[in-house]
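I opened this notebook to record what I looked up, one topic at a time. The entries follow the order in which I worked.

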Amino acid sequence: MLAAMSTAELRPTSQATAVSRDRGDACPGSLRLHAADDGALARIRLPGGVLTVRQAEALGEAARLLGDGELHLTSRGNVQLRALRGGCGSELAALLDAAGLLPSPGHERVRNIVASPLSGLDGRGLCDVRPWLTALDAALCASEAARGLSGRFLFALDDGRGDVAGLGADVTVRATADGGALLTPGAVRVSGEDAPRAALVAAEAFLDTVAVSGTQAWRIAELALTEDDLTRTVHRRLADEDIGHRRAPTETTRADGPSPGVVGGAVSVHVPLGRLSARQWRELTDVADGELRLTPWRGVVLPVPGGTAEPLARLCAVGLVTDPASPWPRVGACIGTPGCARSHADVRADATRALGVADTVSLPLYWSGCERRCGHPQGERIDVIAVPGGGYRLSADPSHDSHLAAVRAAITP
């Protein structure tokens, strides 16, 4: 049984007025590994979450040869390999490079791009953002200035439906019905053709601002600027680059990520707690027709133009979630013990045992092994935070006290 829990309010943090750090960005990557309790950890950036089948097979091989054989999906559609053996960095880099997953060693940690995973597949978006994705990634890897971005800086390419626009990216490009795009920050409309270049210009404007201000900000929300200050900076940089633009109202419509099941000419599955076994990964690569699209909601979208019923059944048979009514998409967790030394509990095991709790409340739940809440996604949810000495603290906005009470009643022994 789970330990007794207590409730507390989670107050939203305000925008930072200044950032002071005594170290550089230590965010892990493919070439800079992180030492965890279960071994080294590598985070492989996959712009838009897109992988060819060959690249997916290479990742599976790397996990099998060098790590624990599993692949872990992140809230940005990237992949982490865990329990990597000591001294395997060069071998891992060679495997990734051979598969085309290291186009620029100097930029591998800054290729953080999320994109609408159903774009071009279900007919709901205003445009197919795949050309934007290809162009932005190429421009990012060609920019010497972009090497200065932190591994936390995030781009979002939204096809107009509003799914990735709600993920709190630093730079968002959202398709408009007239073939153009809305750029944030800056609140400007640019042409669809200029959208990828405008996104990079906005990121470079952020770096210029950081250099001039003398701050150590890694993300736009950390800048000690007003929204108008940043807007003027972005406008000036766009004009310097001869990118046509005009002020436009910000679009606030939001949509959820793909539900499990059949979506257009594709199938969508959810990965419980983002953890894929070697068998599950192998089944995904076998079913995929050309590519896999990993989502920021720890799911996978597979284009399967030849028919969806048989692939969906195969993926369900290996434990992937194909039922849109499943509670799993509403439950997340960090790695917890034994993988992380900071964690106070095996949160993944506890979240699995308490899965039914997700059906008792309307808010999603996120389980964290400590106050850092690593991997915590955007949006309102109930935080279940392990505390020293055992037990958990429940946190949510004060307006959701009834949800907290329901969760506490459901999981307290």
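Before looking at any helix pair, I wrote down that a crossing is left-handed if the near helix is turned anticlockwise from the far one by less than a right angle, and right-handed if clockwise. I also noted that helices (H or I, at least four residues) and strands (E, at least two) are DSSP runs, numbered from the N terminus.

I kept in mind that this is a predicted model, in which local features need pLDDT of at least 70 and side-chain atom pairs count only at pLDDT 80 or more, while totals for chains, interfaces and linings use all residues. Residues are numbered from 1 along each chain as its sequence is written, and side-chain values use heavy atoms, with hydrogens and water left out.

**Entry 1: α3 and α4**

I looked up the axes of α3 and α4, which come within 8 Å and cross at roughly 40°; axes are lines fitted to C-alpha atoms, for helices over the stretch in contact, and angles run from 0 to 180 degrees between N-to-C directions. The two helices α3 and α4 are therefore oblique to each other, given that angles under 35 degrees count as roughly parallel, over 145 as roughly antiparallel, 65 to 115 as roughly perpendicular and the rest as oblique. The crossing of α3 and α4 is right-handed. On the α3 side I found Trp132, Ala135, Leu136, Ala139 and Leu140, and on the α4 side Ala195, Pro196, Ala199 and Leu200, where contact means heavy atoms within 4.5 Å. By class, the contact of α3 with α4 has 9 nonpolar, no polar and no charged residues (Ala, Val, Leu, Ile, Met, Phe, Trp, Tyr, Cys and Pro count as nonpolar, Asp, Glu, Lys and Arg as charged, and the others, Gly among them, as polar).

**Entry 2: the sheet of 6 strands**

I then traced an open sheet of 6 strands in the order β7-β8-β9-β10-β11-β12, with mixed pairing; two strands pair if DSSP finds at least two bridges between them. Its edge strands are β7 (113-115) and β12 (246-247), each of which pairs on one side only. Helix α3 (residues 130-142) lies across β7, β8, β9 and β10 and runs at about 160° to β8.

**Entry 3: strand β9**

Is β9 (residues 171-175) buried or exposed? I found 5 of its 5 residues buried, so β9 is largely enclosed by the rest of the structure (buried means under 20% relative accessible area, exposed over 50%, partly exposed in between, with a 1.4 Å probe and protein chains only). Val171, Val173 and Ala175 point one way from β9, whereas Thr172 and Arg174 point the other way. Strand β8 (residues 155-158) pairs with β9 in the parallel sense over 4 bridges, and leucine 157 has valine 173 of β9 as its bridge partner. With strand β10 (residues 180-184), β9 pairs in the antiparallel sense, also over 4 bridges, and threonine 172 stands opposite threonine 184 in β10. I noted that β9 and β10 form a hairpin with 4 residues between them, and that glycine 179 in the turn has a positive phi of about 90°.

**Entry 4: α1 and α2**

Last, I checked helix α1 (residues 53-66) and helix α2 (residues 89-98), whose axes come within 9 Å and cross at roughly 165°. I recorded that α1 and α2 are therefore roughly antiparallel to each other, and that their crossing is right-handed.
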